[in-house]
Amino acid sequence: MLVKIPSIANIGLETVPIDVEVDVASAGFPGFTIVGLASKAVEEARERVKTAIINSKLDFPGRKITVNLAPADLPKDGAAYDLPIAIGVLLASGQLHLPKEFNLSKSFFYGELSLDGTLRPTRGILLLGLFAQKIRASSIFVPAQSAYEASVVKDIAVVGLNSLSELILHLSGAKVINPLTHSKAKKKLDSEHGEFDLSEIAGQEQAKRALIIAASGGHNLLMWGPPGTGKTMLSRSLPGILPPLTLEESLEVTRIYSVSGLMSSDQPLISKRPFRSPHHGISTAGMVGGGSNPLPGEVSLAHLGVLFLDEMPEFQRGLIESLRQPMEDGTVEIVRVLGHVKYPASFTLIAAINPCPCGYLGHPKKECKCSEKQIIKYKQRISGPILDRVDLFVQVGVVETEKLSVTSQNKAYRLSSKEAREKVISARKLQKQRFKYEKRNIYTNSQMKNSDVKKYANLEKEAENLLKLASDKFDFSARSYFRLIKVARTIADLEDSSSIKPLHMAEALQYKQMI
Amino acid sequence: MEYQEIDNWEKVSELKKLLDLSTKPKHLYYIGNLDPQIFKHCAAIVGSRKMTSYGQTVVEKMAPRLISQNITIVSGFMYGVDQYAHRVCVESGGKTIAVFGWGINTKLTGNDLKLAKDIIASGGLLLSEWEEQKASHWTFPVRNRIVAALSDAVYVVEAALHSGSLITARLALKLKKELFAVPGPITSRTSFGTNKLIADGKAKVWLGQDAINILQSVIDDPMLQILDNEALSADELALKLNVPISKIGAKLSMFLLSGQLNEKGGKYYINYVS
């Protein structure tokens with residue numbers, strides 16, 4: 001008897017429907033074959049399914065069993081086909097009878113089986129849920145430990161299962177399991193904080209201001225200074241001042257984390273803006289994504305959030321260069337044997353750089369131990385094309401302890417993250433309004449092209465003169481010229497000014513490139 | 001680069017001062033356009049290989065003043081103060097002589113080559129007493145005697161306690177040249193040597209700008225008044241004046257553009273020169 005069970009394959013963030021066809025032949029030599037470009041993990045489903053069925057006190061038919069994963073030319077990977085195959089075998093061998101009202105073509109079975117018949121957590125459940133919703137399916141049957149991921153999807157019955165025997169009892173009506181309630185998804189999204197509050201950071205006013213400008217206009221930021229001056233702390237406070245994720249954005253981020261198997265079981269949706277800080281030993285595949293069946297890399301995991309590169313010159317040169325495409329397009333394309341995958345990767349880059357290899361060049365108290373050659377070499381390791389995509393440069397100086405106490409008395413200008421975030425949100429609103437009629441998806445000042453700058457910047461004559469004066473004095477490239485206008489535009493937005501005034505431009509000049 | 005020997009240098013009247021040396025150079029090789037006038041009035045600016053931003057500022061002040069008096073700047077072409085002195089001299093349109101601590105036939109690379117080309121292009125000279133000679137720990141002190149002998153005055157910008165610059169200073173005293181040392185912070189390693197020269201009464205103190213000139217510069221803004229006492233970063237200024245950083249930043253940019261301030265390593269200095 002032949003049974004057809006619908007399932008899915010996740011290729012990157014795309015979900016494709018596939019059929020799991022199971023045939024238990026009435027004649028022929030006993031055997032168990034899986035065809036349809038199955039990977040090693042799928043191949044091994046044979047042993048798992050067989051043992052799991054036997055250990056669930058059911059009968060494994062001693063006949064010729066053929067499983068086909070259709071379409072046959074699409075590579076399939078992962079252990080999630082264990083459950084549909086097991087159900088197929090049980091149905092085809094007549095051990096499981098579905099009630100009349102049960103519509104097999106509108107249900108999905110998805111999950112990895114353990115040898116004892118229990119179900120193990122499985123990646124990509126959210127994508128399955130979203131796909132089921134899209135094709136108006138009625139229910140999905142998934143491992144209980146991963147079911148929470150799909151609970152945010154509306155109009156779908158998500159049934160979380162602990163074992164194969166639980167599913168059999170449920171389907172035969174002997175012991176019905178209630179689907180997960182949908183309520184969890186309505187959790188407030190805007191209650192998230194960064195790891196540090198801006199008001200906790202003593203001194204570094206200019207760096208904090210730069211963070212606010214970066215958050216408002218989506219500008220990439222480079223911090224430059226000796227170790228221990230708070231570069232990491234500053235960047236970790238950034239998620240707390242970025243505008244909260246909208247529900248759509250949150251779903252977008254969650255999809256990426258679901259495919260990567262990085263969801264934690266206490267939250268169905270990622271509600272925090274991601275903050276990723278990969279170590280400099282990371283491989284290119286780890287950074288942009290990869291593997292024979294490509295998984296998202298750090299750039300995609302930082303999607304709509306922050307990618308923080310501490311000690312950027314320590315990263316391999318090629319690795320940093322590989323950031324160019326995502327920084328330009330907001331997506332990353334990975335081509336591998338098993339296919340061509342596109343992941344979103346629209347992030348704000350925050351890079352931290354020491355002034356020299358030992359870190360103490362120009363330190364007021366400690367002596368630098370590097371030779372001139374080492375320093376020059378270190379500076380050459382900083383990629384030019386990446387610097388070209390950075391709008392804000394800020395020097396993070398040493399905060400001398402005797403001055404810290406002065407800071408704490410001077411509370412007047414200690415902005416909290418909450419206040420900063422309000423400023424950021426209103427500046428972003430102005431930008432959204434500005435690019436309303438633009439056909440391209442452009443939300444922030446940093447995304448402006450040179451032609452947009454001319455169209456939208458609204459630069460006052462005096463401010464332009466100031467910029468020209470500065471460009472003579474500091475010898476700017478044409479690119480820096482436009483970069484400064486973009487930053488000045490964001491500063492003007494923060495001050496709620498429709499035109500860029502000379503003062504805004506003068507402040508922007510503080511963040512000009514200095515490496 | 002093509003090099004040549006100065007034929008019979010002992011006969012060149014402008015080079016008579018080298019005859020005072022107890023061990024005179026046997027040969028003198030050079031690269032550049034030789035005009036003996038360049039040797040007429042010379043001053044040496046020497047100092048530490050590890051130049052601090054203070055040393056850098058001092059060189060920027062010192063070199064243009066010497067150049068404006070038509071003095072050739074002599075130095076040792078070592079990175080740090082030496083090379084920076086050459087660099088500032090070239091950029092300010094002055095003439096400079098670089099005395100190598102190695103043979104003239106040595107290939108230069110990278111920044112060294114660029115600086116050497118700039119020195120020649122601006123009418124300066126590269127000089128060495130050797131044709132083929134590897135740089136070694138003894139060649140530098142030997143080279144220093146030529147630097148000292150060529151110059152009428154020697155300015156030590158920054159020097160640690162056992163620095164090669166102090167060798168030049170000692171030779172300068174021996175040759176009865178005028179010796180100046182730039183005082184520095186007593187906590188700075190690279191000023192121990194210069195401060196000691198002053199404390200021991202061996203060198204004259206170089207104070208840069210005449211005191212009257214400093215007093216005369218117009219300082220009306222509170223920010224400039226603070227910066228007149230000590231160089232500060234934007235953050236520190238915001239704290240002292242209790243003004244938001246955005247305003248401070250804008251103002252600093254304006255002063256930078258008008259030339260009233262200079263920025264070095266994140267700190268802002270009053271620009272007295274302009």
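Tutor: Happy to. A residue is called buried if 20 or more other C-beta atoms lie within 10 Å of its own, exposed if 12 or fewer do, and partly exposed in between, with C-beta atoms placed from the backbone. B:Asn8 has 9 other C-beta atoms within 10 Å, so it is exposed. Please keep in mind that this is a predicted model, in which local features need pLDDT of at least 70, side-chain atom pairs count only at pLDDT 80 or more, and totals for chains, interfaces and linings use all residues. Residues are numbered from 1 along each chain as its sequence is written, while chains are lettered from A and ligands numbered from 1 in the order in which they are written.

B:Asn8 belongs to the loop between β1 (4-5) and β2 (29-31) of chain B. Helices (H or I, at least four residues) and strands (E, at least two) are DSSP runs, numbered from the N terminus. B:Lys26 is 18 residues away from B:Asn8 along the chain, with 9.7 Å between their C-alpha atoms.

Strands pair if DSSP finds at least two bridges between them. In chain B, nine strands make an open sheet with mixed pairing, in the order β1-β2-β6-β5-β4-β3-β7-β8-β9. β1 and β9 (204-205) of chain B are at its edges with a single partner strand each, so one side of each has no neighbour in the sheet. Strand β3 (residues 42-46) and strand β4 (residues 72-75) of chain B are joined by three bridges in the parallel sense, and B:Ala44 stands opposite B:Val74 in β4(B).

Next come the helices on this sheet. Here residues are in contact if their C-beta atoms, placed from the backbone, lie within 7 Å; axes are lines fitted to C-alpha atoms, for helices over the stretch in contact, and angles run from 0 to 180 degrees between N-to-C directions. Helix α1 (residues 53-68) of chain B lies across β3, β4 and β7 (153-156) of chain B, at about 175° to β3(B).

Helix α2 (residues 81-91) of chain B has nine of its eleven residues buried, so the rest of the structure largely encloses it. Among those buried residues are B:Asp82, B:Gln83, B:Tyr84 and B:His86. Their cover includes β3, α1, β4, β5 and α3 of chain B. After α2(B) comes B:Gly93, with a positive phi near 80°.

How far can you trust all this? pLDDT is the predictor's confidence in each residue, from 0 to 100. Chain B averages 88, with 95% of the residues at 70 or above. By element, the mean is highest in strand β5 (residues 96-99) of chain B, at 95, and lowest in helix α7 (residues 211-216) of chain B, at 39. Over residues 210-217 of chain B, pLDDT stays under 50, and the model has three contacts there beyond four places in sequence. Where pLDDT is low, the predicted coordinates should not be read in detail. The model scores ipTM 0.71 and pTM 0.67.

Finally, the partner chain. Chain A has 21 helices and 18 strands, and 46% of its 515 residues count as buried. Its mean pLDDT is 87, although α16(A) has a mean of 54, the lowest among the elements of chain A. Between the chains, 24 residues of chain A are in contact with 21 residues of chain B. On the side of chain A that touches chain B, α7 (205-217), α16 (401-409), α19 (461-474) and α21 (502-509) of chain A each give two or more residues. α21(A) gives the most, with four. Ala, Val, Leu, Ile, Met, Phe, Trp, Tyr, Cys and Pro count as nonpolar, Asp, Glu, Lys and Arg as charged, and the others, Gly among them, as polar. On that basis, this side of chain A has eight nonpolar, nine polar and seven charged residues.

Technical notes:
Two residues are in contact if their C-beta atoms, placed from the backbone, lie within 7 Å.
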